[in-house]
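Please look over the model shown here. A short report on its interface, metal site and backbone follows.

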Amino acid sequence: MEGLNLNQKDDTPGTPEEPPKITYAREKLLEEARRSLAAEGQHDRKGISIVVIGHVDAGKSTLMGRLLYESGRLDEKTRRANEHGSSKAGKSSFSWAWGLDGTTEERERGITMDIAQQSLTTPHRQITVLDAPGHKDFIPNMISGASQADCALLVVDSATGEFEAGFDRGGQTREHLLLVRSLGVSQVIVAINKLDQVEWSRARYEEICALLRPFLVQTGFHPSKTKFVPVGAMQGVNLAAREGDDAKELNEWYSGPTLVDLLDILEAPTRDITAPLRIPVSNVFKSQGSGIAVAGRLCGGVVQVGERLRVLPGDESGTVKSIEIEDSSVPWAAAGSNAVLYLTGIDPVNVSIGSVLCTPADLVPLTTRFTARIIVFDIQVPITAGASVELYHHSRDVPATTVKLISTIDRASGKVIKSNPRVLTKGTSAEVQIALRPTGSTNIARGIPLESFAVNKDMGRILIRRGGETIAAGVVLDIFS
Amino acid sequence: MKLVSRHIDKHGAGHVTLRPEDDEDMWHLYNLIQKGDSVRAPAVRRVQSVTSTGSTESHRVRLNLTLDVIKVEFSASGAPGAAAQDAAADQTGSSSATATTATLHISGPVTSENQHVRLGAYHTLDIEANRDVRIEKADGWDSIAISRVEEAIVPGRGAEVGAVVCGEGTAAFCLLSQHMTLVTHRISMPIPRKSASSGASQHEKGLQKFYATLYDSFVRHIPFGNVGLKAIVIASPGWVRDAVFDHLVSESSRRGDKQLHKALKEKVIKVHVSSAHVHSLVEVLKSPEIATQLKETKFAREGIVLDKHVFFKMLGSDEMRAWYGPDHVCLAADRGAIGVLLISDDLFRASDPTTRKKYVAVVEAVQQKGGEVVIFSSMHESGQQLNQLTGIAAILTFPLDIEVVEAEEREEEERKKLEAEEKEAGNEYHT
Ligand SMILES: Nc1nc2c(ncn2[C@@H]2O[C@H](COP(=O)(O)OP(=O)(O)OP(=O)(O)O)[C@@H](O)[C@H]2O)c(=O)[nH]1
Ligand SMILES: [Mg+2]
């Protein structure tokens, strides 16, 4: 850290693009960030990010599209264009969803395939919204979104049989909740949607709440951090307000908060700005000028314009030309922010989704083998030593093997129950050793950036999937470098 | 592979001469030839001679050499690892294509007298296609080696199935033959995701470029016109396979490539898999569309036996009937409990003669009891997965509790030890 003396004298002149100057010395920058984060919410809004999750077709995108419109983030012109476009495509019921489902494929199929990031403001919060796909096949993208979020908004379809389909074994309501909890999300708002389809039945609403509550507790969500809200996304009932004819039936029995009321009181998590800078890259695209744009959430530290960043894996570095948060240009960004960094002096080939940006003085380690403490999900086929799995870490997934089953562990006491177990069955806690499988023709696995949970929580969480099913979640204990 | 001659007596002693013809045959030879064997094959040596004017001249001579094998090395550039993951792609987005030719090197001291090579000189034979190789086994030909020869000489060869496992921006081109899966080419192109600031246009553009690259690679790496190629699988999660197939079809008709167009219509099977990694090939092979089409092929059987249908399914439903690991499986074999034995060719190849004998005995014991033995090829994805699972597993005909069995074994050992001690004590008494 000491060696990283970020002041203007150190800035090497003469590069063609003329790199932007660094404004703050590191200590000054930290002070500035600290002050500004502490003041957050007093005069301006607290920043927070939320991932929208739930079974396919629950109405996640419709809800967000409608909410963006009501909060003025989606203008009338775009709304009309979407209405026109979707009805021309014979998909008029997806008109609101088109606000987030932007690709041709998504629109043609009426299915979200990748995360859509938008921003939203409530009276006291500046919210980054990550609309996740509900379809099973796109869980990798959903995981990428969930690992960039502080909170979750679960949308469930209340229509007869539909809630059940999503909540049954194999439904995404369950898997998504497990995934976000395993990725560190502890606050969840449950929006019970499509109540118009069940005549705004209070009994149905309560039935669904009652079914979800025990599962949420069992999954590790504290009841005080779990909120329920009845909504009708399509008609915009109880999103920002509960007015007009459409809301009449709901108003007869519900007088609680609207969705926006609940969003407005979400707690902002603490941000570790003194930790080494880590930005797992979730998207790379061409910027308008020269250079590239890199999107990601800061998992620690602060970054400012003018700083030189290293990309791992690889030897490439680039200079931060500008930083954008929620579409506005800012001089620096701190842990917890979802930022877009414009980099210059860098070969785009060497930056990809899954790379991690850090400061040259404090590099994230690369590893192909590590031990982890995992919890095995509700699986039918037990995990064996040598099982072929996929390892998920932020926006990256790689083939891996559970090379060693070290021990099973009592979850409450942390004591070893059995060393070298033959298999791991559902519900067990265990310590395992995981190795990446070789990729490409070299037969040597390439290291990925990973840190132990003790060093950086956000960099130390992993998920394990097999055959399209999440089989375990865990934290990294030790890496072998 | 052609069988040129075979002289094995009833004790297993003797030699076999084979003529390899393709990559798969090299793989067979690699599995047949072991340390200690005597191998005779053509070699090229550089020899120096002194001319009448006194200057030295160096020239190459072709000759047959017999070696006492010390080392056998095999390499197939397209061995199945897993999908190209990182954006190691170059500017054009695709890694350079190298024709996959497996190589087999055999080294050891020369044991045959030769006018050009000194006896005992160390030499490395570079096994070539269409040249005879004679193998004589130090320990004789065991049943595994003999059945390997028999499998290898079955006529009909080459890739039977072509497969493209793809995701958005990634594709792996694979050729599956009886004993090997070769990943002949990979594409990994970065495709920007949709974003609020850049919209969806960069995403769409990236996809179009990807489809175009994939078309070119398909034409180059999938021998779609070969009659031996029974099927071409396009596998992916989501709907990428539909988009890819549609692009191939429309592009082939736009370019007027009738042969490709016809092959696409007749041979392509689209299969859903849960991930775009090459290891999804295991899912491809167990999918009903493929399983029926390829049921006689060895690799389909391997995939099915290992996967959900048999071993892993049993592990889920009746853990006490699915065992793995050499020690455990040998215990199960001792008790005559094995219904299906899953064993990797790796174990026969990598082990010392004593261990190999042990595995051969296990195989023979299972077969004698009417059990099924499936020898997995490490050159297939299913075989690699079995290798990770220690290389050996078994499905038992009746449930056995491993802990009980191990306890019984320990007791038995104790008892034997005691017996021996008593006997000794008894002997002492008598003398
Ligand atoms: N009746 C009724 N239909 C709704 C409501 N909200 C959404 N829908 C419909 O549900 C369907 C799915 O909506 P989407 O918003 O695409 O659902 P999603 O959860 O985003 O789906 P994926 O992202 O693909 O998982 C569309 O046809 C919507 O019109 C609602 O409040 N009432
Ligand atoms: Mg959606």
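## Backbone features

A:Glu326 counts as buried, at 19% relative accessibility. Buried means under 20% relative accessible area, exposed over 50%, and partly exposed in between (1.4 Å probe, protein chains only). This is a predicted model: local features need pLDDT of at least 70, side-chain atom pairs count only at pLDDT 80 or more, and totals for chains, interfaces and linings use all residues. Residues are numbered from 1 along each chain as its sequence is written, chains are lettered from A and ligands numbered from 1 in the order in which they are written, and side-chain values use heavy atoms, with hydrogens and water left out.

A:Glu326 sits in the loop between β11 and β12 (328-330) of chain A. Helices (H or I, at least four residues) and strands (E, at least two) are DSSP runs, numbered from the N terminus. The phi of A:Glu326 is near 50°, a positive value in a residue other than glycine. B:Asn130 also has a positive phi, about 65°, and is not a glycine. B:Asn130 lies in the loop between β7 (122-126) and β8 (133-136) of chain B. At 52% relative accessibility, B:Asn130 is exposed. A cis peptide bond joins A:Leu312 and A:Pro313, with omega about 0°. A:Pro313 is in the loop between β10 (308-312) and β11 (317-325) of chain A.

| Residue | Relative accessible area | Class |
|---|---|---|
| A:Gln172 | 3% | buried |
| A:Thr371 | 9% | buried |
| A:Glu326 | 19% | buried |
| B:Asn130 | 52% | exposed |

The magnesium ion (ligand 2) is coordinated by A:Ser61 (OG) and A:Thr112 (OG1), at 2.0 Å. Donors are N, O and S atoms within 2.8 Å of the metal (3.2 Å for Na, K and Ca); water is not among the atoms, so sites may look incomplete. A:Ser61 is in helix α2 (residues 60-70) of chain A, and A:Thr112 is in the loop between α4 and β2, 51 residues apart. Both A:Ser61 and A:Thr112 are buried.

Why is α2(A) largely enclosed by the rest of the structure? Because 9 of its 11 residues are buried. Those buried residues pack against elements of chain A including β1 (46-53), β3 (125-131) and α10 (259-264). Just after α2(A), A:Gly72 takes a positive phi of about 85°.

A:Gln172 is found in helix α7 (residues 172-182) of chain A. Its contacts (heavy atoms within 4.5 Å) include A:Gly54, A:His55 and A:Lys136, not counting residues up to four places away in sequence. A:Thr371 lies in strand β17 (residues 369-376) of chain A. Leaving aside neighbours within four places in sequence, A:Thr371 is in contact with residues including A:Ile406, A:Val432 and A:Phe480.

## The interface

57 residues of chain A are in contact with 48 residues of chain B. About 4,300 Å² is buried between the two chains, and carbon and sulfur atoms give 48% of that. Buried area is the accessible area (1.4 Å probe) that two parts lose on being put together, summed over both. A:Asp137, A:Arg422 and A:Arg437 supply 16% of the area that chain A buries against chain B, more than any other three residues.

There are 5 salt bridges between chain A and chain B. A salt bridge is a side-chain nitrogen of Lys or Arg within 4 Å of a carboxyl oxygen of Asp or Glu. The side chains of A:Lys418 and B:Glu403 meet in a salt bridge at 3.5 Å, N to O.
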